[in-house]
Each structure stands twice: as structure tokens, then as C-alpha cells.
Amino acid sequence: MTAPPPPPPSGGEYGQPSGYPPEYYGYGYGSGYGSGYGYPPPARTNALAVAALVCAFVLAPLGIVFGHMALSQIKKTGEEGRGLAVAGLVIGYVITAMTVLAVVISVLLFMFFASALQDVELYPESPRYTAAPAELPAAFAPPAAPGANCQYPATIERASKPVKPPRAGRVATDPPRVDATLTTSQGVIGVRLDNAKAPCTVNSFTSLARQGFFDDTTCHLLSTTALLRALQCGDPTGTGSGGPGYQFPNEYPTNQYRLNDPALRLPVRYPRGTLAMANSGQGTNGSRFLLIFDDSPMPPTYTVFGTIDAAGLALLERIAAEGVADGGAEGKPAVDVTVESVRVA
């Protein structure tokens with residue numbers, strides 16, 4: 001006879017055997033219905049991995065940083081999100097590389113076009129022009145009241161040598177001509193200032209001369225190019241960037257044109273023997289001036305305020321014949337030219 005089966009163990013709640021731990025039956029992994037039953041809770045997604053993917057599109061370098069940090073954390077904690085972190089890294093690196101490439105290309109294009117613009121000549125010697133430069137306006141049409149309101153506003157740069165600005169407001173246009181003498185280390189240059197056509201400029205020049213601003217200053221630049229043949233003086237620093245600490249507007253021939261006239265950008269012939277102001281753009285006249293010893297085609301944006309006598313021209317031609325110190329066409333004169341004094345009659 002077969003023995004009957006043993007009775008089931010008793011004592012466990014809902015028939016749970018009392019001799020086994022609750023974990024055996026899936027209990028004890030947490031509180032609440034449905035918690036546990038033998039399955040651990042799902043792993044969390046790493047927050048930095050999500051941030052890496054988002055930032056890769058918004059700010060690529062930050063996405064790269066977050067991506068590396070996320071991978072490091074995931075390796076330590078076992079969190080989810082490795083794929084997100086890797087995607088953030090790849091996208092971040094690609095966008096960063098494309099941005100750098102775009103910046104490099106933009107800089108190269110800017111340099112190329114800047115160089116191309118420098119090669120564009122607005123002078124008749126360029127192959128783009130066949131006509132000779134126009135002449136300076138012969139018939140002077142003065143503004144309503146020449147010299148009626150000369151202004152000399154201060155510049156950001158201080159005066160290169162102690163000096164007071166000239167008298168502003170109305171200045172006399174009579175006498176129409178004023179003689180002056182430039183005594184240099186190479187000889188004497190006589191000039192006649194055109195007070196009728198450029199009274200504000202002559203007022204500044206004579207004021208600086210009487211205050212000794214030009215005394216013992218170097219003529220810093222000799223130009224023997226086809227576009228400008230002149231000796232430039234009037235800067236106490238000898239660098240071409242110094243001045244009296246003020247500036248003033250252009251006069252003849254600029255005031256013979258409308259402000260928006262395209263002809264202001266085209267060359268006219270500044271004849272041999274012209275005394276003109278140097279500038280860095282319209283309205284930036286200061287103390288530097290040009291002693292032009294041969295015809296020079298330039299835009300009519302350099303104020304003509306006098307002429308050079310025959311002896312002065314002969315001296316300038318001798319200086320030009322010595323050439324530029326470095327052998328080029330423009331630079332410091334090979335012979336030292338120092339303005340020892342400027343005296344106004």
C-alpha cells in the first residue's frame with residue numbers, strides 16, 4: 001500500500017509555507033502592490049547624458065564637456081544613457097569642427113577681398129584708366145563766406161608738441177597772399193600761402209609757425225611714386241602720426257564739389273610746386289603738409305593752400321634725387337631733412 005502524501009506546511013499567510021523566506025516567493029523587494037516579485041527597479045538615465053545631447057545642438061563645446069562627464073559617471077554608477085552621451089559627443093564634435101572650418105574660411109575670404117580691394121587703383125596710371133587726370137578747378141567758386149567760421153575741434157590724440165589752437169571763428173582773407181620761409185638743414189624753401197582760397201588752413205599754418213611748432217622737426221616721408229611725388233613734413237614726432245591736437249575741415253579744391261559728388265574719388269592733377277595739406281581723410285587736417293615737387297594725380301581731397309618758389313623746387317628735386325633711405329619708392333628720405341624754422345612775413 002502506498003503511503004499518503006504529507007500534509008502541506010502550515011502557518012504561512014495565504015498558504016505561504018512558514019519554512020521559507022518571503023523573498024523566495026517574490027515578496028520583500030519593496031512596499032506596495034506590484035513591487036518586486038523578483039524584478040529589480042529599472043536603472044535611471046544619467047542626467048548629464050541628456051544634457052550632452054541637448055547642448056550639442058545649442059552650444060556644441062558644452063555638449064562635448066557634458067558628454068565626457070556623463071560617460072565617466074555612467075561607468076561608475078551603471079546608469080542608462082550611454083547612447084545619449086555618445087550621440088551628444090559625436091554631434092558636438094561635428095558641429096564644433098564645422099564652426100571652426102566656417103570661421104577659418106570666412107577669415108581667408110575676408111583677407112582675400114581686403115587684398116583685392118587694395119589692388120583696386122583709382123588713379124589714371126592704373127590699366128583701368130586711359131584718360132589723363134583732370135585739372136584742379138581753375139575758376140574758384142568760393143563758399144558763401146570763406147573764412148567766416150573756421151573751427152579747430154580737439155582730437156583724441158594730444159598735441160605732439162605744446163601748442164595752442166589757432167583763433168576760431170571769422171578769419172581775414174586779406175591779404176590774399178602771405179609769404180613764408182621754411183629754413184631746412186638742406187636749404188631754404190620759400191612758399192606763398194593762398195589766404196583767399198584756404199583761409200582756415202592758412203590761419204592754422206601761420207599760427208603753428210609763429211608758435212615754433214614746426215621748428216626742429218623732421219620731414220619724415222619722401223614719396224617718389226607715380227601717384228605722389230612730394231616731401232611730407234610738419235610732424236614733430238617724425239612718424240607721420242603726430243599733430244597739433246586739433247583738426248579742421250578741407251578747403252579748396254574739396255569745397256568745389258558736392259559732398260556726394262563721385263568726382264571726389266577720382267584723381268585730379270596737383271601740379272608741380274603745390275603746397276597741400278596731408279590728411280587721413282576729409283576733415284582730418286592737422287599740421288602735416290606736402291611739398292609737391294612734380295605733378296601728382298590725387299583725389300581732390302587734399303587742401304591746396306599755397307605754392308613753392310623756384311629755389312625751393314630745385315632743392316626738393318635734389319632731395320628727391322637722393323632717393324628713399326631703404327631704396328624703395330616711399331619712406332624716410334635718404335638725406336636728413338630737418339625743418340629748422342618756419343617764418344611768416
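Which residues make the nonpolar surface patch of about 790 Å²? To find out, select V50, V54, F57, V58, L59, L62, V65, M69 and L84, which together form that patch.

Before going further, a word on the model. This is a predicted model, in which local features need pLDDT of at least 70 and side-chain atom pairs count only at pLDDT 80 or more, while totals for chains, interfaces and linings use all residues. Residues are numbered from 1 along each chain as its sequence is written, and side-chain values use heavy atoms, with hydrogens and water left out.

**Stop 1: the nonpolar patch**

Patches here are built from residues with over 30% relative accessible area and no salt bridge, with like charges joined within 9 Å and nonpolar side chains (Val, Leu, Ile, Met, Phe, Trp, Tyr) within 5 Å. Accessible areas come from the Shrake-Rupley method with a 1.4 Å probe, and for residues only the protein chains shown count as cover. Colour α1 (47-58) and α2 (60-77): each supplies at least two residues of the patch. The helix that gives the most is α1, with four residues. Helices (H or I, at least four residues) and strands (E, at least two) are DSSP runs, numbered from the N terminus. Now click on L62, which sits in helix α2. L62 is partly exposed, at a relative accessible area of 32%. For this and later stops, buried means under 20% relative accessible area, exposed means over 50%, and partly exposed lies in between (1.4 Å probe, protein chains only).

**Stop 2: a three-stranded sheet**

Next, show the open sheet of three strands, whose order is β1-β7-β10 with mixed pairing. Its edge strands are β1 (134-135) and β10 (296-298), each pairing on one side only. Two strands count as paired if DSSP finds at least two bridges between them. Strand β7 (residues 268-270) runs antiparallel to β10, and three bridges join them. Zoom in on R269, whose bridge partner in β10 is P297.

Stay with R269 and bring up D295: the two form a salt bridge, with the closest N and O atoms 2.9 Å apart. R269 belongs to strand β7 and D295 to the loop between β9 (289-292) and β10, so this pair ties together parts that are 26 residues apart in sequence. A salt bridge is a side-chain nitrogen of Lys or Arg within 4 Å of a carboxyl oxygen of Asp or Glu. R269 is partly exposed at 24% relative accessible area, and D295 is partly exposed at 32%.

**Stop 3: from helix α5 to a loop**

Select E317 and R272 for another salt bridge, where the closest N and O atoms are 2.7 Å apart. E317 is in helix α5 (residues 310-322) and R272 in the loop between β7 and β8 (274-277), so the pair ties together parts 45 residues apart in sequence. E317 is partly exposed, with a relative accessible area of 34%; R272 is partly exposed too, at 41%.

**Stop 4**

Centre on F289: among the residues it touches are L182, F214, L231, Q232 and F305. Contact means heavy atoms within 4.5 Å. Now move to Q232, in strand β6 (residues 229-233). Q232 counts as buried, at 7% relative accessibility. Its contacts include C219, H220, A278 and R288.

**Stop 5: strand β13**

Finish on strand β13 (residues 338-344), where five of seven residues are buried. Five bridges join β2 (residues 177-184) to β13, and these strands run antiparallel; L182 has V342 as its bridge partner in β13. Strand β4 (residues 217-218) is also antiparallel to β13, joined by two bridges, and T217 has V339 as its partner there.

How many salt bridges does a search of the whole structure find? There are seven. One to display here is D215 with R343, whose closest N and O atoms are 3.7 Å apart. D215 is buried at 16% relative accessible area, whereas R343 is partly exposed at 46%.

Technical notes:
Lists of a residue's contacts leave out its neighbours within four places in sequence.
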